[in-house]
Amino acid sequence: MSDGYDGILLGAGHNALVLQAYLGKAGLKTLCLERGAVPGGGLATVEDPRHPGFLHNTHSFFHRAVTHMPWYRDLALEQRGARYLEPELNVALVQRDGNVLEWWTDFEKTAASFERFSAGDARSLRRWRNDFVPVLEKIIGPESRTPPLPPAERRARLEQSREGRLLLETSALSPEEFVLREFEDPVIQGGLLFFNGLREVDLRCKGFGHHIPILLAAAGKAQMCVGGSAALARALAAAVSESGGEIRCGVEPRRIVVEHGRAIGVETAAGEFIRARQFVASGLNPQQTFLELMRAEDLPGNWRAKAERFAYNLLAPLFALNLNLRERPVYAAERAFPELGRALMVILGLEGYAQFPEIVAHHEQGTIPPTVMWGATPTVFDASQAPPGMHTAFMWEKLPYRLNGDPRNWDREKDSHARQMLELWTQYAPNLEGAVIDWFARSALDTERDLPNMREGDLLVGAFTHGQVGFERPFPGAGRYRGPLRGLYLCGSCCHPGGNITGLPGYNCAQVLHADLGLAAPS
Ligand SMILES: Cc1cc2nc3c(=O)[nH]c(=O)nc-3n(C[C@H](O)[C@H](O)[C@H](O)COP(=O)(O)OP(=O)(O)OC[C@H]3O[C@@H](n4cnc5c(N)ncnc54)[C@H](O)[C@@H]3O)c2cc1C
């Protein structure tokens with residue numbers, strides 16, 4: 001029996017680490033329990049055991065605007081070893097005919113690329129970007145960095161400003177409706193919907209049309225962490241330990257212990273009881289937190305039912321092909337677009353809007369659609385991720401979790417699908433024929449085995465649908481990072497504003513916990 005801590009956190013994903021580091025700065029003694037061997041969750045970089053020196057980012061790689069996040073500055077992560085690059089040619093959509101649609105950090109260059117496809121679409125891009133920059137700065141940005149407001153209160157506030165009314169009007173549409181109404185070129189339509197897909201919102205879902213102009217207006221682009229994504233996890237873990245926090249890896253929690261309607265600690269699978277004097281904060285999903293780790297009698301009945309119904313994204317699961325290379329992929333399209341050799345994200349197989357309904361239908365049926373894939377060659381920008389002169393590269397594809405009705409089918413099918421991806425990739429980059437030293441594939445089932453909070457391989461830990469966003473994420477009643485008992489909190493991606501490497505669920509939970517514990521606001 002331990003003397004205990006002020007607070008215990010469950011799961012050392014980046015959101016929990018952000019929260020823990022702030023609590024340490026505020027003088028609290030905390031412990032984080034992590035089932036895996038290292039902290040970081042989706043911030044993972046692993047060395048290929050068969051080929052020393054080849055590093056692979058098996059979960060997240062493209063970290064959107066991380067260096068703009070408040071916690072990145074507050075926790076002094078650069079002084080603790082994190083360093084980010086934001087390549088200028090941020091995204092390139094390569095067509096079969098060798099044409100390339102480009103997104104640059106320099107907006108004028110992006111507009112010029114759109115112009116080559118459609119002058120009308122370039123005008124639309126400018127218009128929506130100009131209109132949405134203030135929406136983003138005044139509303140969307142601040143909303144993502146604060147605990148959400150109840151929907152009626154939020155709407156009433158939005159109706160009072162021009163930007164708020166524009167946001168309400170565009171969000172009434174689905175992303176698909178917005179794109180088809182505002183853009184005419186099928187490649188641009190496809191590219192924009194693809195980006196929307198990276199946020200995992202169902203493109204048919206009304207209420208999410210504003211996601212597209214947000215993408216057009218966002219100043220922060222995709223960034224990559226030097227040394228691999230795990231370097232950010234190491235910097236966060238240093239921020240935790242230097243403020244007195246502890247992280248214990250290889251420990252499975254068995255139960256959140258409740259006494260007199262209050263969370264008072266955690267019992268581990270090994271039978272140890274660890275007391276939490278003030279709180280338990282879970283970075284896990286609602287089924288883990290409320291169904292697996294809590295006794296039914298410790299929860300209000302409707303709370304269990306809501307946790308059971310918490311749903312996952314149909315279109316989120318990823319399949320990954322990772323390559324060890326003698327040389328980087330050289331795309332045939334580089335003859336006309338030499339800058340492509342230094343593109344961060346490359347998209348292949350996407351020829352236009354018409355493929356989207358087909359991809360969605362395959363996900364619904366559990367079958368494999370014609371391949372659309374995207375990826376990067378990290379070593380073009382960061383030589384430290386491979387042995388001298390060598391490279392690593394990867395491609396991801398959205399593929400259904402339940403392949404032909406059963407996720408276990410992936411164990412049989414994944415290598416054969418990976419070979420097909422490599423064949424397609426080689427059609428765009430013919431030098432891959434002789435450049436591949438070795439490769440390995442990972443399915444959505446592998447993701448779930450590694451990180452069980454990503455149930456059904458949903459890397460955003462919960463669908464973005466009505467009843468699961470904003471004040472209602474993860475479900476109505478739980479949207480302010482507080483559980484139904486005193487001393488119980490949620491801090492993972494199942495909370496507003498959701499998954500991806502944003503750290504904002506952890507940051508927002510820190511605001512709530514600091515207020516509840518009577519501490520000064522986190523800084
Ligand atoms: C293949 C793939 C590619 C991705 N690419 C990107 C990308 O490019 N950009 C991006 O922004 N995001 C990407 N993501 C998503 C991103 O990784 C997640 O959204 C993010 O990691 C979620 O952060 P989190 O802190 O909420 O939880 P996680 O990072 O999932 O961390 C949760 C932690 O809890 C631990 N855990 C789980 N169950 C238990 C338990 N029972 N007891 C104790 N500990 C437990 C896990 O081991 C893990 O360490 C990707 C994810 C995957 C899988």
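## Ligand surroundings

A backbone N or O atom of Gly-42 lies 2.8 Å from an oxygen atom of the ligand. Phe-61 also has a backbone N or O atom facing this comparison, at 3.1 Å from an oxygen atom of the ligand. For Glu-34, a polar side-chain atom lies 2.6 Å from an oxygen atom of the ligand. The model is a predicted one.

There are 32 residues around the ligand. Those that come nearest are Glu-34, Phe-62, Asn-453, Leu-459 and Ser-493.

Strands of a sheet pair through backbone hydrogen bonds, and the pairing is either parallel or antiparallel. Here, three strands form an open sheet with antiparallel pairing, in the order 5-9-6. Strand 5 (63-64) and strand 6 (84-85) are at the edges. Each has a single partner strand, so one side of each has no neighbour in the sheet.

Strand 6 and strand 9 (residues 222-225) run antiparallel and are joined by two bridges. Leu-85 has Met-224 of strand 9 as its bridge partner.

## Two packed helices

A pair of packed helices is described by the angle between their axes and the distance between the axes. For helix 5 (residues 151-158) and helix 6 (residues 162-171), the angle is about 125° and the axes are 7 Å apart. Helix 5 and helix 6 are therefore oblique to each other.

On helix 5, the contact is made by Arg-154, Arg-155 and Leu-158; on helix 6, by Gly-164, Arg-165, Leu-167 and Leu-168. Three residues of this contact between helix 5 and helix 6 are nonpolar, one is polar and three are charged.

Methods:
Residues are numbered from 1 along each chain as its sequence is written. This is a predicted model: local features need pLDDT of at least 70, side-chain atom pairs count only at pLDDT 80 or more; totals for chains, interfaces and linings use all residues. Side-chain values use heavy atoms; hydrogens and water are left out. Axes are lines fitted to C-alpha atoms, for helices over the stretch in contact, and angles run from 0 to 180 degrees between N-to-C directions. Helices (H or I, at least four residues) and strands (E, at least two) are DSSP runs, numbered from the N terminus. Angles under 35 degrees count as roughly parallel, over 145 as roughly antiparallel, 65 to 115 as roughly perpendicular and the rest as oblique. Contact means heavy atoms within 4.5 Å. Ala, Val, Leu, Ile, Met, Phe, Trp, Tyr, Cys and Pro count as nonpolar, Asp, Glu, Lys and Arg as charged, and the others, Gly among them, as polar. Two strands pair if DSSP finds at least two bridges between them. A residue is near a molecule or strand if one of its heavy atoms lies within 4 Å of it. A polar contact is a pair of N or O atoms within 3.5 Å; within protein, one must be able to donate a hydrogen and the other to accept it, and residues adjacent in sequence count only if both atoms are side-chain atoms.
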